[in-house]
Amino acid sequence: MSVDLTGKVAVVTGSGRGLGLAYARALAAAGAAVVVNDVDGDAAEAAVESVRSAGGRAVAVVAPVGPAETADALVAAAVESFGKLDVLVTNAGVLRDRVLWKTSDDDFDLVVETHLRGTFTTARAAAVHMRERGEGGRIVVVGSPAGQHGNFGQTSYAAAKAGIVAMARTWSLELARARITVNAVIPTAITAMTATIPIYEGVAAAHAAGEPLPRVVRRDHALGGPEDCAPVVVWLASDASADVTGQAIGIGGDKLSLYAHPTEVATTYRDGGWTADGVADAWAQTLAPHAQPSGIVLPPLEAEEQAADAPAT
Ligand SMILES: NC(=O)c1ccc[n+]([C@@H]2O[C@H](COP(=O)([O-])OP(=O)(O)OC[C@H]3O[C@@H](n4cnc5c(N)ncnc54)[C@H](O)[C@@H]3O)[C@@H](O)[C@H]2O)c1
């Protein structure tokens, strides 16, 4: 089945730049009309212009996601400009990276407000509209490897991103009867957000200079440009993914992956329930061999020389 979004209407939050801009451009190129959203008015207008100059249809809503008023304004813009809303992509995001003991209440609240509440309020407004219309729909939320694994220095971000994937699983159940699919994309790309990560400064500079990225970067680190992540969003927005819901799909560079949902990896039982001593014994004998690592595990970038020489698989 070919992926064609002709006649569909999409909202993409945080689409003034970075991954959101790539999603908006790709959705429009596949035929969808797009409501661009960003807090940065200049970026939002430039994004609309870039979609239009490529032959697509787009309007902008300049407002911060988080408050319910913004969510309502996004759905209203889709309906007023293009007649309906078929696809919501909740992409807007910010970082305030600090270790736990240096994380301020304000930084924590901003990250949770933007990612978690912004996803909740926009998805709720979209779900109300889509259920009333009765034509099904697509909600694509955005997680992160940090939310899947935990990541040093990202208390607020990891919490928000893990929560977003948990909401997607919940909504996939609640919205199934209305034929609204809900999936999480776990993207990785060189953007303003990642360019400041110290180990990626060289990679980002090379990418900005138009140099090809090494295999270890595009495959193991799953890093390329934002446009490398857009195809999975286009597919999830389309009729071709009608039977896919409740999934967390990773994409970046040359890599496409499916995340497991948390599952029990070791189980034991004790008649009548457990004591602390019983748990101590069970940990040592049954659970400890399956103890789970925390954090994102990636090969060193220095491996790129050898990897570049390796045959493609
Ligand atoms: N870049 C990556 O490797 C990566 C990895 C995992 C997840 N993500 C997620 O992908 C999404 C996009 O990231 P990016 O790398 O393109 O970041 P980016 O910083 O380049 O772009 C984010 C955009 O969101 C906008 N924004 C911020 N707060 C907003 C708000 N309250 N309302 C509306 N717009 C707002 C910004 O102005 C900006 O245009 C984020 O949710 C991010 O957490 C990115």
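**Note on the sheet and the ligand site**

1. Strands β7 (residues 248–252) and β8 are joined by 4 bridges and run antiparallel to one another. Within this pairing, Gly252 is bridged to Lys255 of β8. The model under review is a predicted one.

2. These two strands belong to an open sheet of 8 strands with mixed pairing, ordered β3-β2-β1-β4-β5-β6-β7-β8. The edges are formed by β3 (57–62) and β8 (255–258); each has a single partner strand, so one side of each lacks a neighbour in the sheet. From one strand to the next, the twist averages 20°.

3. Two helices that pack on the sheet deserve mention. Helix α2 (residues 41–53) touches β2 and β3, and its direction makes about 175° with that of β3. Helix α10 (residues 230–237) touches β4 (87–90), β5 (137–142), β6 (180–187), β7 and β8, with its direction at about 175° to that of β6.

4. The ligand has 29 residues around it, of which Arg17, Asp38, Asn91, Tyr157 and Thr191 come nearest. By class, this shell comprises 14 nonpolar, 12 polar and 3 charged residues.

5. A ligand nitrogen atom is 2.8 Å from a polar backbone atom of Val65, and a ligand nitrogen atom is 3.5 Å from a polar backbone atom of Val39. Of the 830 Å² of accessible area that the ligand has on its own, the protein covers 94%.

6. Elements contributing two or more residues to the shell are α1 (18–29), β2 (33–38), α4 (105–133), α6 (155–174) and α7 (192–195). The largest share, 3 residues, is that of α7.

Notes. Residues are numbered from 1 along each chain as its sequence is written. This is a predicted model: local features need pLDDT of at least 70, side-chain atom pairs count only at pLDDT 80 or more; totals for chains, interfaces and linings use all residues. Side-chain values use heavy atoms; hydrogens and water are left out. A residue is near a molecule or strand if one of its heavy atoms lies within 4 Å of it. A polar contact is a pair of N or O atoms within 3.5 Å; within protein, one must be able to donate a hydrogen and the other to accept it, and residues adjacent in sequence count only if both atoms are side-chain atoms. Accessible areas come from the Shrake-Rupley method with a 1.4 Å probe; for residues, only the protein chains shown count as cover. Ala, Val, Leu, Ile, Met, Phe, Trp, Tyr, Cys and Pro count as nonpolar, Asp, Glu, Lys and Arg as charged, and the others, Gly among them, as polar. Two strands pair if DSSP finds at least two bridges between them. Axes are lines fitted to C-alpha atoms, for helices over the stretch in contact, and angles run from 0 to 180 degrees between N-to-C directions. Contact means heavy atoms within 4.5 Å.
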